Amino acid sequence: MNALTARLGIKYPIFQGGMAWVADGKLAAAVSNAGGLGIIGSGHAPASYVQEQIDIARELTDKPFGVNMMLLSPFVDDVLEVVLKSNVALVTTGAGDPAKYLKRLQAQNIMVLPVVPSVGLAKRMARQGVDGVIAEGMESGGHIGQMTTMTLVPQVVDAVDIPVIAAGGIGDGRGLAAALALGAVGVQMGTRFLTATESRIHENYKAAVIKAKDVDTLVTGQYVGHAARVLKNPMSRNFLKLEREIALSGSDDFKAVEELGNGSLRKAVLDGDRDEGSFMAGQISGLVKREESSAEIIQSVMAEANALLDHSALQQQLQVNES
């Protein structure tokens, strides 16, 4: 246990990513019941949906959980009011600056941890007084930055004096142990929880993650300015092809690309549409081999990490054969 997990009142330093359309109250409650921190993803959903998911989580757990606020959502101000009224343990933020909401959240004893893709943004968030940051590498699923987790996390740790959670490409105990070795106080995992038994995503989506190999993701939206990592399928390949064609033509009109992507995540999560769905997932998909409960996932991650971090085991790995 460290200062962050102690303050949150959670057993293990494992956050579940607040994935839009995926991370609902049922999944968040399951992760929190298993000793981690479940996080409800608000995405671009209205406040009524967020309230509904908070109510579901409250019915299923008495443990702490959080909410991810997408700051570019047209409903963000209304979502804020729901979060303040519900008094969740923590808010993670993405796609924007949480400064305008920070004092009100912290006045309610709600911790605020923005997701950051760079050292510069981490330092800026620290100056504004956030409670910690989630340093997320480009290996993660969904919207990404340009730095890898291995390079980003230690540089963020060195740059700020607040807790750092590592994210991106972490899906087992080896990833947790590595993150702690880099100076992080915990990890956030998204892709690994896609295939949790409590995850709402369509069986086609789960099957695609389980089937995926190490090279089965690609990054769309790089020309548009909203890079996102997704599994390879007809939708993602067509998206990438179309945006490249538009960019190479010299045009800056990407409306056709935006129309192609509209509703594609919902089609993946709810409908399991293999052709038109956007199956957001990280490069760690290649390590996900089966559907398991959130409790089984967390227990296996912790057991593996504890074995690796055992002093004698580390010493054995570091021994130099001087014979």
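Which residues point one way from strand β9, and which the other way? In this predicted model, G186 and Q188 point one way, while V187 and M189 point the other. All four are buried.

## Strand β9 and its partners

Strand β9 covers residues 186-189. Strand β1, residues 14-16, pairs with β9 in the parallel sense. That pairing has 3 bridges. Within it, I14 stands opposite V187.

Strand β8, residues 164-167, also runs parallel to β9. Here too, 3 bridges make the join. A166 has V187 as its bridge partner in β9.

Helix α8 spans residues 173-181. Together, β8, α8 and β9 form a β-α-β unit. The unit is right-handed.

## An antiparallel sheet

Strands of a sheet pair through backbone hydrogen bonds, either parallel or antiparallel. The pairing is antiparallel in an open sheet of 3 strands, ordered β7-β11-β10. Its edge strands are β7 (142-143) and β10 (217-220), each pairing on one side only.

Strand β11 covers residues 228-231. Its pairing with β7 is antiparallel, over 2 bridges. G142 stands opposite R229 of β11.

## The helix across β10 and β11

Helix α11 takes in residues 234-248. This helix lies across both β10 and β11. Relative to β10, α11 runs at about 40°.

Note on methods: Residues are numbered from 1 along each chain as its sequence is written. This is a predicted model: local features need pLDDT of at least 70, side-chain atom pairs count only at pLDDT 80 or more; totals for chains, interfaces and linings use all residues. Side-chain values use heavy atoms; hydrogens and water are left out. Buried means under 20% relative accessible area, exposed over 50%, partly exposed in between (1.4 Å probe, protein chains only). Two strands pair if DSSP finds at least two bridges between them. A crossover is right-handed if, with the strands pointing away from the viewer, the path from the first strand over the helix to the second runs clockwise. Contact means heavy atoms within 4.5 Å. Axes are lines fitted to C-alpha atoms, for helices over the stretch in contact, and angles run from 0 to 180 degrees between N-to-C directions.
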